[in-house]
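Dear colleague,

I am handing over the structure we spoke about, with the sequence alongside. Please look it over first, and then read the notes below.

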Amino acid sequence: MEAQLSPGRLLSDSRFQRRTCGASPELIDELRDAMDSKELLAELRNRLLTKMGDNSAVVVAPMFGKVVHCAVKGDAPSHGDSVVVWLLLDPTDIDSKQTTFASGSGCTWFEKLCKLKP
């Protein structure tokens, strides 16, 4: 599953449109706190997935390299109406980003998910 959700693969997948914004300060803070705890990370990702569509995923990964964490609800990213949120955590808050990928009717989620809060 991690291979299908790697940012590089999503970026090159023509089925997906994408939008990038700065991650919300609340999300950055909570993600930083959760990075050293599997339990906190699982709790955060579950709360994020409840705010997303039926076929959605959350990915925490650097710009290059392996996916640090991912979670899926439904059949994302293979479903035709998928939404995937990639969280890129940088040492500086200003460079921490959220990229939302969406396919099909999943594109209706762009505005709702911009600067997603936990």
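In which sense do S4 and strand S5 (residues 97-102) pair, and over how many bridges? The two strands run antiparallel to each other and are joined by 6 bridges, where strands count as paired if DSSP finds at least two bridges between them. Helices (H or I, at least four residues) and strands (E, at least two) are DSSP runs, numbered from the N terminus.

Please keep in mind that this is a predicted model, in which local features need pLDDT of at least 70 and side-chain atom pairs count only at pLDDT 80 or more, while totals for chains, interfaces and linings use all residues. Residues are numbered from 1 along each chain as its sequence is written, and side-chain values use heavy atoms, with hydrogens and water left out. The pLDDT, which is the predictor's confidence in each residue from 0 to 100, averages 93 over the chain, and 99% of the residues score at least 70. Confidence is highest in S5, at a mean of 97, and lowest in helix H4 (residues 110-113), at 92.

S4 itself (residues 83-88) is mostly covered, as 6 of its 6 residues are buried; buried means under 20% relative accessible area, exposed over 50%, and partly exposed in between (1.4 Å probe, protein chains only). In a regular strand the side chains alternate between the two faces of the sheet. In S4, Val83, Val85 and Leu87 point one way, whereas Val84, Trp86 and Leu88 point the other way, and all are buried.

As for disulfides, meaning pairs of cysteine sulfur atoms within 2.5 Å, the count is 0. Cysteine 21 takes part in none, and the nearest cysteine sulfur, which belongs to cysteine 114, lies 3.9 Å away. Cysteine 21 is buried, at a relative accessible area of 15%.

Two points of backbone geometry remain. Most residues other than glycine have a negative phi, and most peptide bonds are trans. The peptide bond from alanine 76 to proline 77, however, is cis, with omega near 0°, and proline 77 sits in the loop between strand S3 (69-73) and S4. Lysine 115, although not a glycine, has a positive phi of about 55°; this lysine 115 lies in the segment after H4 and is partly exposed, with a relative accessible area of 41%.

With best wishes
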